[in-house]
Amino acid sequence: MKQAILRAAEEEIKVKGLSFTMDDLVNRLGISKKTIYQHISSKEQIIGEILLEMKADIDRQQTLLFNQNEIGILDKMKGLIKILPEKSHLITPITLNQLKRSFPNLYTMVNEIYHSNWERFDVLYEEGVKNKQFQPFDKEFLRE
């Protein structure tokens, strides 16, 4: 049931952004609020769990790419830069603004998701510079 609630919330976010209500979820799922609250404590928890799923998806994609032995360092680095979570369409300028205003802790979480997890990139960067596959460059500029 919890997964059904999260998926319904994603659909509501696509339509209404973060201004969806628990009543919207009740209507979409055809269940009672009591049932929702047996599985989820708040709207903030719903959004937080969706963000955690996005983070896990990024980690999974990074691990798969990093461990591919048949592609070179540069292609791996390019691939790491291009990784987007499956649900990235839920993080729009509007929803980011709504997060910042209404759920500052979750906004911080989004920033951490997109500004962390560069360890694998850094390993590849150091290896590429050491092996003279490319010249050193400003990694921080690239990240931003």
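## An exposed loop residue

K132 counts as exposed because its relative accessibility is 74%, where exposed means over 50% relative accessible area, buried under 20% and partly exposed in between, with a 1.4 Å probe and protein chains only. K132 lies in the loop between α8 and α9 (139-143), and it has a positive phi of about 60 degrees although it is not a glycine. Helices here are DSSP runs of H or I with at least four residues, numbered from the N terminus.

## Basis of the values

This is a predicted model, in which local features need pLDDT of at least 70 and side-chain atom pairs count only at pLDDT 80 or more, whereas totals for chains, interfaces and linings use all residues. Residues are numbered from 1 along each chain as its sequence is written, and side-chain values use heavy atoms, with hydrogens and water left out.

The axes of helix α1 (residues 2-16) and helix α2 (residues 22-29) come within 10 Å and cross at roughly 115 degrees, the axes being lines fitted to C-alpha atoms over the stretch in contact and the angles running from 0 to 180 degrees between N-to-C directions. The two helices are therefore roughly perpendicular to each other, a term that covers 65 to 115 degrees, while angles under 35 count as roughly parallel, over 145 as roughly antiparallel and the rest as oblique.

S19 is found in the loop between α1 and α2 and is partly exposed, with a relative accessible area of 45%. Leaving aside neighbours within four places in sequence, S19 is in contact (heavy atoms within 4.5 Å) with D24, K43 and Q98. S19 and Q68 are 49 residues apart in sequence and 41 Å apart in space, C-alpha to C-alpha.

## α4 beside α7

The axes of α4 and helix α7 (residues 104-115) also come within 10 Å, but cross at roughly 5 degrees, which makes α4 roughly parallel to α7. On α4 the contact is made by E44, I47, G48, L51, L52, M54, K55 and I58, and on α7 by N105, L106, M109, V110, I113 and Y114.

## The buried side of α5

In helix α5 (residues 73-82), the residues I73, K76, M77, G79 and L80 are buried. They are on the same side of α5 because they cover an arc of only 165 degrees around the axis, taken from the directions from the helix axis to the C-beta atoms. These buried residues pack against α4 (43-66) and α8 (119-130).
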